[in-house]
Amino acid sequence: MQLDPNAIADFNQRQEENHQRKLSYWTQEVATAEPIIQKLIDFQIAIPSWALGTGGTRFGRFAGGGEPRSLEEKIADVGLLHALNRASGAISLHIPWDIPTDAEAIKQLAASYGLAFDAVNSNTFQDQPDQALTYKFGSLQHVDAAVRQQAIDHNIEVIRHGEALGSKALTVWLSDGSCFPGQLNFRKAFGRTLDSLGEIYSALPSDWKMFVEYKAFEPNFYSMTVGDWGSSFLYATKLGPKAYTLVDLGHHLPNANIEQIVAILLNEGKLGGFHFNDSKYGDDDLTAGSIKPYQLFLIFNELVDGMDARGMNHATSLGWMIDASHNVKDPLEDLLQSVEAIQLAYAQALLVDRQALEEAREANDVAQAQEILQDAFRTDVRPLVAEARRRAGGAVQPLALYRHLNVRQQLIGERGAKTIATGL
Ligand code: LRH
Ligand code: MN
C-alpha cells in the first residue's frame, strides 16, 4: 500500500504547532540537537520479513487479518513502515520462508519503496516438505555428514539468494543442541559445527559478513551448540575476519549483563549486529524497549562509546535489525513502536557527556557517574526523533497516522481477514 505523501504532510501540519512547542526546548540546545537529529536520520533499522504477520505459541495463534500473503506484500508493508518513519529502510529475509522467485523484480519493487536488503537468514531449524534428511537431531552439528552437507548446501543457497538481492551478510542461527545430559558429545558437536561453518564461510563473497547468532535455550533445553556470546565469539574468531557475533537481546539467560557483552565484543572487533526485541522471561520477542528500556539505553551507551573509540560509522558499521513476534498486537504497530524505542535509546546515548563520565569513573565517583547516565536516560528526546522523521519526509507521529488512515482495515479489505503470512 503506497502512502500518499500528502497524507503525511497534511497530518504533520495538524501537529506542527504541538511539535514545534516540544522541539523549542532543543532549539536552545542546538549544538547538541543538530548532530543528534542528523545521526537519527542516517540510522536505518532492518525489519524482519518473518514478523509482518501474527506470531503465536504452541498454545495458540490468533491471526489479526490483512497479513501479507507473499514476499511482494511483505515488501509493501515494510515500505509502508518506512514511509511513515523513514527509519526502516531495509528488510531482512528468511529463506525458505521468503524465497525471491524473480530476484530482479523483487529488488526493483523494494527499491521503489526505498528499501535495501539487510542480512539474509538461513533455516536449518525446520524440515522442509521436499527435504531428504531431517534436522531433528541438529544440522551443522549432526553426527551424519550427509545431514551436515545438506545444511551447508542450504546456507550456500541462501548466500546466492542474498547476492541476487544486493544483501551483504548471512545470519546463521542454529537450533542445534541437546535436550538431555548424555545425548551430545559437546566437543565433537563444536568441532563439526565449526567445520561446517567453515564450509559456508569459504562460500562467502569477499565483501560479505557472516553473523553467528547465539541463543541460551529453545528449542533445545539442555544445551545449545551456539549457546552464548563466548561460543559465538570462538566460532567467529576461528572462522576468520568476515565472521562476527550477532546479539539477539532475547537469547540470554535471566539477568545477563548484555551491555557488558556488547562492550567486550565491540572492543574485540567481533560484534556484527543485533536482533532487537525485549523479554521478561525467555526469548519472548516482545516490542523493543517495552520491558527493560533502561537496558536498551545502556546497550546503546556502550555502542556509542565503543564505536566512537574505534572510529566506526554508527549507521553502517553494524547490522541493526529487529527480530520480534507479535501474538496480541498489530504487527505493523508493534514494529513502529520498536523502531521508535531503538531511536530513543540511541538518541539518549548520544546525549551522554562522555568526558564527564570518564572523569567521574577515574575519580571513582559512583553517584556522579550514575547521575550522568540517568540524566541522559531521563531526558525526553522524543521531539528530536520526531524532528528527524519530519525532516526525512516521514510522519511526526507514525503510529497516530497509521491509525488515522485506518491502514489495517484497508489491508484487510485488500487481502482478507484470514490471510496467514509465512514466518514464526
Ligand atoms: C531464533 C531467532 C533467529 C531467527 C528466528 C526467527 O530464536 O531469533 O534469529 O532465525 O528467531
Ligand atoms: Mn534472532
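**Close-up 1. Where helix α1 meets helix α13.** Asn12, Glu16, His19, Gln20, Lys22, Leu23 and Trp26 of α1 touch Pro383, Leu384, Ala386, Glu387 and Arg390 of α13, contact meaning heavy atoms within 4.5 Å. By type, these contact residues are five nonpolar, three polar and four charged; here Ala, Val, Leu, Ile, Met, Phe, Trp, Tyr, Cys and Pro count as nonpolar, Asp, Glu, Lys and Arg as charged, and the others, Gly among them, as polar. This is a predicted model, in which local features need pLDDT of at least 70 and side-chain atom pairs count only at pLDDT 80 or more, while totals for chains, interfaces and linings use all residues. Side-chain values use heavy atoms, with hydrogens and water left out, residues are numbered from 1 along each chain as its sequence is written, and chains are lettered from A and ligands numbered from 1 in the order in which they are written.

The axes of α1 (residues 5-28) and α13 (residues 382-391) are 9 Å apart and meet at an angle of about 130°. Axes are lines fitted to C-alpha atoms, for helices over the stretch in contact, and angles run from 0 to 180 degrees between N-to-C directions. That angle makes α1 oblique to α13; under 35 degrees counts as roughly parallel, over 145 as roughly antiparallel, 65 to 115 as roughly perpendicular and the rest as oblique. The crossing of α1 and α13 is left-handed, a label used if the near helix is turned anticlockwise from the far one by less than a right angle, with right-handed used if clockwise. Helices (H or I, at least four residues) and strands (E, at least two) are DSSP runs, numbered from the N terminus.

**Close-up 2. Helix α3 beside helix α4.** Helix α3 (residues 71-85) and helix α4 (residues 103-112) have axes that come within 9 Å and cross at roughly 20°, so the two are roughly parallel. Their crossing is right-handed. Leu71, Glu72 and Ile75 of α3 meet Ile106, Leu109 and Ala110 of α4, a set with five nonpolar residues, no polar ones and one charged.

**Close-up 3. Helix α3 again, now with helix α10.** The axes of α3 and α10 come within 11 Å and cross at roughly 45°, and the pair is therefore oblique. In this view α3 passes α10 in a right-handed crossing. Asp77, Leu80, Leu81, Leu84 and Asn85 of α3 meet Leu332, Leu335, Leu336 and Val339 of α10, with seven nonpolar residues, one polar and one charged.

**Close-up 4. The site of the manganese ion (ligand 2).** Glu213 (OE), Asp248 (OD), His275 (ND1) and Asp323 (OD) are the protein donors, lying 2.1 to 2.2 Å from the ion. Donors are N, O and S atoms within 2.8 Å of the metal (3.2 Å for Na, K and Ca); water is not among the atoms, so sites may look incomplete. Along the chain the donors follow the spacing E-x34-D-x26-H-x47-D. Asp248 lies in strand β11 (residues 243-248) and Asp323 in the loop between β13 (319-322) and α10 (331-351), so this pair ties together parts that are 75 residues apart in sequence.

**Close-up 5. Backbone details in three loops.** The peptide bond from Ile95 to Pro96 is cis, with omega near 15°, and Pro96 sits in the loop between β4 (90-92) and α4. Another cis bond joins Glu218 and Pro219, with omega about 5°; Pro219 is in the loop between β9 (209-213) and β10 (223-224). Asp285 is not a glycine, yet has a positive phi of about 50°, and is found in the loop between β12 (271-276) and α9 (293-309).
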